[in-house]
Protein chains: 2
Amino acid sequence: MSTKSFYQDRRIRKSKAALKESLIAIMKEKDFKEISITDIVQTADLNRGTFYKHYQYKEELLEEAIDDVIKDLIDSYREPYQGVEVLIINKLSSSTIKIFDHVEKYSNFYSLLVKSNVLFELQKRICDELKKLVLQDITNQPLQHNINANLIASYQANAIWGMISEWIQSEFIYSAAYMAEQLLAILHLNSAKNTYRET
Amino acid sequence: MSTKSFYQDRRIRKSKAALKESLIAIMKEKDFKEISITDIVQTADLNRGTFYKHYQYKEELLEEAIDDVIKDLIDSYREPYQGVEVLIINKLSSSTIKIFDHVEKYSNFYSLLVKSNVLFELQKRICDELKKLVLQDITNQPLQHNINANLIASYQANAIWGMISEWIQSEFIYSAAYMAEQLLAILHLNSAKNTYRET
DNA sequence: GAACTTATTGCACATCTGTTCAATAGGACT
DNA sequence: AGTCCTATTGAACAGATGTGCAATAAGTTC
């Protein structure tokens with residue numbers, strides 16, 4: 001095995017990279033739905049046939065650009081998980097703290113997506129991934145009160161995304177640390193309310 | 001004021017209704033991004049110019065179709081709010097119970113949107129609306145612990161949407177009552193965990 | 001380096017898109 | 001009823017779209 005034969009052909013890599021880069025550049029000026037394939041290949045200085053060789057819709061191209069970001073998100077979530085055996089609330093918070101760091105790292109890309117209306121693709125995929133991760137936590141620590149695992153996983157995944165999306169739309173006026181602090185405060189607030197109610 | 005002059009011209013109403021109906025019908029067979037304006041006007045039996053007279057993109061047409069659903073959502077949320085002066089957790093839960101009823105009522109439409117990739121528009125608008133409603137609750141009842149109102153509002157809005165979206169993707173195998181019950185259980189679970197941790 | 005493989009190119013094509021225009025039909029108001 | 005107003009229509013247009021194909025350039029493998 002002399003060469004990197006399991007990698008893609010260098011021409012493909014270059015073409016795809018140029019297409020992604022062009023799409024992202026154009027998205028800074030135009031709304032996604034107004035961007036044409038011709039726009040993309042002209043900016044990338046490629047033939048239109050090259051685009052259609054690899055993708056069918058511009059949506060597919062964007063998905064691929066998102067893939068790298070999602071990979072980093074998952075890494076960020078998993079990082080603080082090193083054989084910790086504490087309560088779920090602590091796991092959740094320490095994990096999500098790292099996620100806020102990840103979002104801050106890609107804040108340009110996230111802002112771009114939120115501004116354009118393609119947010120949905122990102123949103124859906126992020127929540128799906130977060131849900132999977134939360135589900136893994138839950139299966140290790142069985143649930144009380146007949147809680148539906150899928151529902152609580154979606155609940156928590158989307159709740160966190162809600163804070164993230166709020167943060168992005170505020171143009172990142174808060175620090176990642178503040179975001180993490182706020183998440184903890186919200187969780188404790190729920191506890192306080194419920195405790196108050198039950199006395 | 002003899003006639004309904006504040007209503008739209010009957011021709012416009014008919015054209016728009018036909019376009020919306022056609023779009024929704026086509027969406028049951030095709031992916032949204034593959035639907036052309038020509039598809040829509042042919043199904044609606046209208047001239048292409050008529051579409052462009054009222055809309056610029058098919059996305060706008062869909063947005064308008066969503067508007068009716070959003071209106072009902074807001075009504076559903078507000079309905080159980082009749083001068084109740086209880087704790088936030090009770091307000092939240094009784095309100096969201098009505099929201100589950102609303103989603104069940106429009107389950108066909110919701111399923112359609114979730115299946116197609118236009119979910120984002122619905123998702124964004126629903127979360128925006130829920131957030132506004134939660135914010136109104138919060139301002140009436142000042143926050144402890146320096147909680148950021150926008151963040152907790154987005155947190156809760158998206159958390160609830162997470163459950164809703166999970167429900168839709170399960171093809172509504174649960175009843176609305178079960179969904180409401182689950183929300184309460186999740187909130188109590190948070191309380192239990194935190195209480196346990198603080199002792 | 002030579003032989004093999006395949007991505008990219010440029011061109012051509014039918015179809016679709018978004019827009020204009022004058023003509024007509026339909027609705028609003030007195 | 002009649003008058004005014006404007007939504008809809010059909011046709012026509014330049015430009016964009018998605019798809020082929022043979023020629024060429026570039027990468028891979030030995």
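Ala, Val, Leu, Ile, Met, Phe, Trp, Tyr, Cys and Pro count here as nonpolar, Asp, Glu, Lys and Arg as charged, and the others, Gly among them, as polar. The model is predicted: local features need pLDDT of at least 70, side-chain atom pairs count only at pLDDT 80 or more, and totals for chains, interfaces and linings use all residues. Residues are numbered from 1 along each chain as its sequence is written, chains are lettered from A and ligands numbered from 1 in the order in which they are written, and side-chain values use heavy atoms, with hydrogens and water left out.

**View 1. The protein surface near DNA strand D.** The surface is made up of four nonpolar, eight polar and six charged residues.

**View 2. Side chains at the phosphates of DNA strand D.** Look for the N or O atom in the side chain of T50(B), 2.6 Å from a phosphate oxygen. For H54(B), a side-chain N or O atom is also 2.6 Å from a phosphate oxygen, and for S36(A) the distance is 3.3 Å.

**View 3. The buried residues of α1(B).** Buried means under 20% relative accessible area (1.4 Å probe, protein chains only). Among the buried residues of this helix are S15(B), A18(B), L19(B), S22(B), L23(B) and I26(B).

How values were computed. Polar contact = N/O pair within 3.5 Å; in protein donor to acceptor, adjacent residues only side chain to side chain. Buried < 20%, exposed > 50% of the residue type's maximum accessible area, 1.4 Å probe, protein only. Helix = DSSP H or I, 4+ residues; strand = E, 2+ residues; numbered from the N terminus.
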